[in-house]
Amino acid sequence: MIPLRVNVSSAPPWASRFVIQYTPSVLTLDEEGREQDRTVGFLPPEEFIPALMLGNVKAFIAQGRKPKARFFLQKLLSEYPRSQAAASAAAFKSRV
């Protein structure tokens, strides 16, 4: 993951393609720059980290990288089983 902070009031031209309407917004992009996941609004650390993991799961599934997706999915479900992301992640078990 490469974190990138963009000031939306003076964002570079390429940033407009992601249509950021609210801050904070966290987008997970795949290696091709395609959006795979979006989290809008503040999340406390116990929810933010699993949300990032879920974004990774989605991006790796989209790329056909099932072992990587499986790694993040298992880590998310074992380390953050009560998070909101874990509830969403359960739907991806059959895809990895």
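Student: What radius of gyration does the protein have, next to a compact globule with 96 residues?

Tutor: Keep in mind that this is a predicted model. A compact globule of 96 residues would come out near 12 Å, and the protein's value agrees with that. The C-alpha atoms fill a box of roughly 40 × 30 × 20 Å along the principal axes. The radius of gyration itself is 14 Å.

Student: And how many of the residues count as buried, as a percentage?

Tutor: Here a residue is buried if its relative accessible area is under 20%. Of the 96 residues, the buried share is 31%.

Student: Do β1 and β2 run parallel or antiparallel?

Tutor: β1 covers residues 25-29 and β2 covers residues 35-40. They make a hairpin with five residues between them, and Gly33 in the turn has a positive phi of about 85°.

Student: Which residue in β2 is the bridge partner of Val26?

Tutor: Across in β2, the partner of Val26 is Thr39.

Student: How far apart are the mean positions of the positive and negative charges?

Tutor: Count Lys and Arg as positive, Asp and Glu as negative. That gives 13 positive and 8 negative charges. Their mean positions are apart by 4 Å.

Note on methods: Residues are numbered from 1 along each chain as its sequence is written. This is a predicted model: local features need pLDDT of at least 70, side-chain atom pairs count only at pLDDT 80 or more; totals for chains, interfaces and linings use all residues. Side-chain values use heavy atoms; hydrogens and water are left out. The radius of gyration is taken over C-alpha atoms; the globule rule is 2.2 Å times the number of residues to the power 0.38. Buried means under 20% relative accessible area, exposed over 50%, partly exposed in between (1.4 Å probe, protein chains only). The place of a charge is taken as NZ of Lys, CZ of Arg, CG of Asp or CD of Glu. Two strands pair if DSSP finds at least two bridges between them. Helices (H or I, at least four residues) and strands (E, at least two) are DSSP runs, numbered from the N terminus.
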